[in-house]
Amino acid sequence: MILVWFIAILVVGGAACWVVARWSTAVCRWIALAVTAADFILSLALWIRNYPVNLLQQQDWLRQVNWTWFPDAGIHFHLAIDGLSLLLVVLTFFLGIVSVLASWTEIREGVGFFHLNLLWVLAGITGVFLAMDLFLFYFAWELMLIPMYFLIAIWGHERRVYAAVKFFLFTQLSGLLMLISILALYFIHHSATGVYSFEYSDLIGTSMPLHVAIWVMLGFFIAFAVKLPMVPVHTWLPDAHTEAPTAGSVILAGLLLKTGAYGLLRFVVPLFPAAAHWFSPVATILAVIGILYGAVLAFAQTDLKRLVAYTSVSHLGFVLLAIFVGNKLALEGALITIIAHGISTGALFVLVGALQERIHTREMDRMGGLWQTIPRLSGAAMFFAMASIGLPGLGDFVGEFLILLGTYKVSVGLTVAAAIGVLFSTLYGLKFIQRAFHGSNIHHWELHDLFAREVVIVAPMILILLWLGLFPQPVLNTFTVTMDKLQQTASQQYQAYEGGQQ
Amino acid sequence: MISAAGLVAILPLVLLAGTPVALMLIIAVHRSHRMALGLTLLGLAASFGSLWIAADVVPQRVTALLRIDQYALVYFGMIIAATIAVAGLAYGYLEQHAVEKEEFYILLVTAALGAAVLAASSHFVSFFLGLEILSISLYALNAYIYSRKTALEAGIKYLVLAAASAAFLLFGMALIYAAVGTMEFGHMAELMMETAGPNRTLLLPGLAMVITGMGFKLALVPFHMWTPDVYQGAPPPVAAFIATVSKGGMFALLLRYFYRLELHNYAPIVAVFTIIAIASMLGGNLLALLQSNVKRILAYSSIAHMGYALVAFIASGMLAVEAVTFYLIAYFVTIIGAFGVVTVLSNGENDAESLQAYRGLFWRRPALAGVMTAMLLSLIGIPVTAGFIGKFYVVAAGASSSAWPLIIVLVISSSIGAFYYLRVIFALYAGAPETAERPAEVAPRMAFGSSVLVVLTLLLIWLGVYPAPLLHVIRAALPG
């Protein structure tokens, strides 16, 4: 039941915010904060109470609800949680709190509707991480699109309409391709077993010829690759990230992209192991291209938000690489990268947003020497930039290091190319710090340093990155069983397929 | 002779036919807009209620002309419910105009009767009768606000084109009759199989002409030319009526005709429908991109949506009929809701048709903008709305019979479609929220229309979240 509460609290809270905002926007903000905090505490409690014993011994799911929804079509309202989903849900609620706090002074118009959308997009994302019925999954997948569209289109910056529409169309089209694949899988499963079911555990192990599996897998893959985003279907991302309000950027980079990675991990590889294996050369090469391309383009940007946006393309390239390399080290690295990137990039967007509120520009040329006037903000920005370029001792380093190790076992060439991407990241990280914060204060900015509210946002994020960087074992332990299971199903299926071939 | 059970079965039709007569008599004695509406709603409600009485005796063949089965009753229900909604919306709209108001309802219910006859028709004669009852009422309804040039244009355009298409239809029927010697759908199938020689060459042109007549009513590409102009010129409630009741009745007939005659076995016919479906989906959506008039956008969107429904229809797997029926129900709710918002926003001088009229509506009238958003999201096919389940169903029907090319076109064209719906949605939320002045309350004469919108929105969400009960009903209703 707690899983239903996760979502219900957000949905009801969002509606309450909207109603209350007619009288008081402050109350609305506090409600939003309380709602996300309540969910965060609930999810944290779930984690701590089950760590490590239950998580290491879980058989099926840690918790689940399974209600019949459309009995004739085999559709269930099935939410379930395991280690992987748990970590992502905790991340979702944490970044939810961050987003609410980050919008505290930035959003002044339509406050109620803003928080309604903010909380509902979180509800949709939570649904995506918990749904174990493919119909429900698609339902949540499409549902998170609308509030995000509104967040960008109403409260975004200069070119918000263009960015919002582009975001919507990319996701909508790719989502529909996934719908076709879901239905194809459903009917293939029916013709093999005579049972109509959208249930994840039923559909795993549906046998089909390789050429069919490849087509069906591609539908899923494209939908997730657009979200991830993978080069060359990434072009919506720089626009959406740049034009979104701070909270929107945090959610986009921290969570929405992760739904793509989650989908690949949870669905593409376990459902279509043979096809995924067949496809892995293409996917890994595209991943490496993404790593390099994202890093090079990030270096070329002068708009801070755009710069951070392109770094996401690069970092998520590592995740894609890891998922299709598929060994234990790489997958562990992928998980750490997913979380660490969510935190570090989220924090960078918060800081860039805070900066924009102060100087009303994101152009690096209009900055320079800011360290002199706002040392705390600059210091924090430097910390997260270092995290983002993979400084040892911080979360991102662990993730990328593990991924490179895992990849090395499979292909030295790919490892070398990806490692060059790490090198490029140093360039854009240093450029970011140098152009914006170092040097002399040529524009004579006199700004207010971080407010207490902003310190409250940033300080825990610093601690989490240090924790992930120095002692990531609890996170990895939480993930172990899920990962073993995902890998096991994949390899069993694959062997069965190979056996069938001979 | 009609048996007693037959009379019970056509009770809904009898009540539909009786309502306009009663209305005429009342108007002759005393003119009152409110009373006319009340009587109309009473008659429609009685007819709707009699569906359950009729359900006990179906299936029934009532003379050679009509076949009342569960399938026909489902479509009766859709037609009557939609007419109730349209009448509710029209009340406030007519109040703002200096025209004779009461006759509107006579025409409206008569048109609904025509559509219902189509849904139950199993014979060329009832087909043609139903079509003409429907069309002739619509000529007048289109031009009802006769002081407006656009309304007259709509009326005349519809008159000329509908008459031309009816001529095609009649000629087609004549050719088929000449070839097989019967006008009843039931016998036609076997006779068509047996037909050989020169008579067989008459069949295909005959079928093609019948399809032309149907295509006109359904506004499928390439028979869609009239749609945008008529939707723009007609009063918005009438446009909603044309988009739903008129098309719904014709679609019901198309399905029955197709199944009865087993036309899937005729490769050329299937090919023609495939081309029409693809052209409608792409044409409707692409042409809508160029529009900035909300009524015209909805007109083109309705062309595309008929194309989507055709996809399920052509797929013709086991899911086809239920998919089409559910899709049409979802579409009925959505399009009446969208035109309902247009109606409620219209005033005596102008209909709310330019995108400008919708700018920042959310900050002035959030509820109304919310309804419009829900309707547009349903047209895109976003979850929690009926449109989502409808689209899901259509794709499922296509996938179950592996109609991949059609589904791919559907996916691409509906993504194109999302673009212009988003433009309208964006207009609703554009503008500076704080500066907009608080709106005047909804005028009391629109209160009735507003409550219709509330019901439609609830229905939209209910169908989008828990359609199981309705699906249960639909599943039992196969065209016989």
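Across all chains the count comes to 23 salt bridges, a salt bridge being a side-chain nitrogen of Lys or Arg within 4 Å of a carboxyl oxygen of Asp or Glu. This is a predicted model, in which local features need pLDDT of at least 70 and side-chain atom pairs count only at pLDDT 80 or more, while totals for chains, interfaces and linings use all residues. Residues are numbered from 1 along each chain as its sequence is written, chains are lettered from A and ligands numbered from 1 in the order in which they are written, and side-chain values use heavy atoms, with hydrogens and water left out.

Secondary-structure labels follow DSSP runs numbered from the N terminus, with helices (H or I) of at least four residues and strands (E) of at least two. For accessibility, buried means under 20% relative accessible area, exposed over 50%, and partly exposed in between, with a 1.4 Å probe and protein chains only.

**Salt bridges**

| Pair | N to O distance |
|---|---|
| Arg435(A) and Asp365(A) | 2.6 Å |
| Asp351(B) and Arg148(B) | 3.2 Å |
| Arg475(B) and Glu322(B) | 3.2 Å |

In the salt bridge of Arg435(A) with Asp365(A), Arg435(A) belongs to helix H18 (residues 412-436) of chain A and Asp365(A) to the loop between helix H15 (328-359) and helix H16 (375-389) of chain A, so the pair ties together parts that are 70 residues apart in sequence. Arg435(A) is partly exposed at a relative accessible area of 34%, and Asp365(A) is partly exposed at 45%.

Asp351(B) forms its salt bridge with Arg148(B), and this pair links distant parts of the chain, 203 residues apart: Asp351(B) sits in the loop between helix H14 (320-345) and helix H15 (361-364) of chain B, and Arg148(B) in the loop between helix H6 (124-142) and helix H7 (149-180) of chain B. Both Asp351(B) and Arg148(B) are buried.

The salt bridge between Arg475(B) and Glu322(B) has Arg475(B) in helix H20 (residues 468-475) of chain B and Glu322(B) in helix H14 of chain B, so parts 153 residues apart in sequence are tied together. Arg475(B) counts as partly exposed at 31% relative accessibility, whereas Glu322(B) is buried with a relative accessible area of 11%. In chain A, a network of salt bridges links Arg159(A), Lys166(A), Asp239(A) and Arg306(A).

**Helices and contacts**

Helix H7 (residues 145-155) of chain A is mostly covered, with 11 of its 11 residues buried; among them are Tyr149(A), Phe150(A) and Trp155(A).

Helix H4 (residues 83-102) and helix H19 (residues 452-470), both of chain A, pack at an angle of about 155° with their axes 9 Å apart; axes here are lines fitted to C-alpha atoms, for helices over the stretch in contact, and angles run from 0 to 180 degrees between N-to-C directions. That makes H4(A) roughly antiparallel to H19(A), a term used for angles over 145 degrees. Contact means heavy atoms within 4.5 Å, and on the H4(A) side Phe94(A), Leu95(A), Val98(A), Leu101(A) and Ala102(A) meet residues of H19(A) including Arg453(A), Val456(A) and Ile457(A). The residues of this contact divide into 10 nonpolar, no polar and 1 charged.

Ser415(B) lies in helix H18 (residues 404-429) of chain B and counts as buried at 8% relative accessibility. Leaving aside residues up to four places away in sequence, Ser415(B) touches Leu169(A), Gln172(A), Leu173(A) and Leu176(A).

**Backbone features**

Most residues other than glycine have a negative phi, and most peptide bonds are trans. A cis peptide bond joins Val231(A) and Pro232(A), with omega about 10°, and Pro232(A) is in the loop between helix H10 (210-227) and helix H11 (236-243) of chain A. Val58(B) and Pro59(B) are likewise joined by a cis peptide bond, with omega about -5°.

Ala219(B), although not a glycine, has a positive phi of about 55°; Ala219(B) is in the loop between helix H9 (198-218) and helix H10 (226-233) of chain B and is buried, with a relative accessible area of 0%. Val384(B) has a positive phi near 80° and is partly exposed, with a relative accessible area of 25%.

Technical notes. Angles under 35 degrees count as roughly parallel, over 145 as roughly antiparallel, 65 to 115 as roughly perpendicular and the rest as oblique. Ala, Val, Leu, Ile, Met, Phe, Trp, Tyr, Cys and Pro count as nonpolar, Asp, Glu, Lys and Arg as charged, and the others, Gly among them, as polar.
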